[in-house]
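This report describes a single protein chain for a reader who is new to structural analysis. Please keep the sequence and the three-dimensional view at hand while reading.

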Amino acid sequence: QVQLVESGGGSVHAGGSLRLSCSASGYGSSRTCVGWFRQAPGKEREGIASVITGDGTTYLADSVKGRFTISRDNVKKTVTLQMNSLKPEDTAMYYCNIAAYCRDVLRPEYFSLWGQGTQVTVSS
């Protein structure tokens with residue numbers, strides 16, 4: 001079975017950086033899509049980044065493009081979301097999840113196994 005653990009959240013001031021990690025196990029397809037999502041208070045869950053584990057193809061939502069970077073390490077079986085130039089609007093609970101393959105759009109409904117997430121809070 002697939003197991004996911006998110007870590008790296010915290011509280012920072014605007015302009016700061018955080019690195020989130022998603023440790024995954026129990027999958028074996030090069031097509032596997034690992035996505036990062038966030039849900040802010042009063043808002044719907046939003047897909048912000050994804051990576052195909054096999055070839056490293058990445059996707060970033062417009063809201064984070066130029067500030068966030070997603071990457072994968074298939075030896076350590078981790079996916080990293082490097083978040084720079086953080087803004088108060090980035091405050092949310094952040095989740096990673098896995099789908100069998102990446103679709104044309106990154107929608108939470110395509111991902112079924114949700115963990116507890118890691119909280120990111122950006123002040124100022």
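In what order do the strands of the open sheet of 4 strands lie? The order is β1-β3-β8-β7, and the pairing is antiparallel. The model is a predicted one, in which local features need pLDDT of at least 70 and side-chain atom pairs count only at pLDDT 80 or more, while totals for chains, interfaces and linings use all residues. Residues are numbered from 1 along each chain as its sequence is written, and side-chain values use heavy atoms, with hydrogens and water left out.

**The sheet**

Strands here are DSSP runs of type E with at least two residues, numbered from the N terminus. Two strands count as paired if DSSP finds at least two bridges between them.

Strands β7 and β8 run antiparallel and are joined by 6 bridges. Ser 71 stands opposite Thr 80 in β8. Thr 80 is buried, at a relative accessible area of 17%. Buried means under 20% relative accessible area, exposed means over 50%, and partly exposed lies in between, with a 1.4 Å probe and protein chains only. Contact means heavy atoms within 4.5 Å. Beyond residues up to four places away in sequence, Thr 80 touches Arg 19, Leu 20, Ser 21, Trp 36, Thr 69, Ile 70 and Ser 71.

**The nonpolar cores**

In soluble globular proteins, nonpolar side chains tend to be buried together. A nonpolar core is a set of buried Ala, Val, Leu, Ile, Met, Phe, Trp, Tyr and Cys residues joined through side-chain atoms within 4.5 Å. The largest core has 27 residues, and those touching the most other members are Trp 36, Ile 48, Phe 68, Ile 70, Leu 81, Met 83 and Tyr 94. At least two residues of this core come from each of β3 (18-25), β4, β5 (46-52), β7, β8, β9 and β10 (118-123). Another core, of 5 residues, lies apart from it and includes Phe 37, Ala 99, Leu 106 and Phe 111.

**Salt bridges**

A salt bridge is a side-chain nitrogen of Lys or Arg within 4 Å of a carboxyl oxygen of Asp or Glu. The whole structure holds 4 salt bridges, including those in the table.

| Asp 90 | Arg 38 | 2.9 Å |

Arg 38, Glu 46, Arg 67 and Asp 90 are linked in a network of salt bridges. Asp 90 and Arg 38 are both buried, and Arg 67 is buried as well. By contrast, Asp 62 is exposed, with a relative accessible area of 67%.

**Two residues with positive phi**

Most residues other than glycine have a negative phi. Ser 85, in the loop between β8 and β9, has a positive phi near 50° and is partly exposed, with a relative accessible area of 40%. Ser 124, in the segment after β10, has a positive phi near 85° and counts as exposed at 85% relative accessibility.
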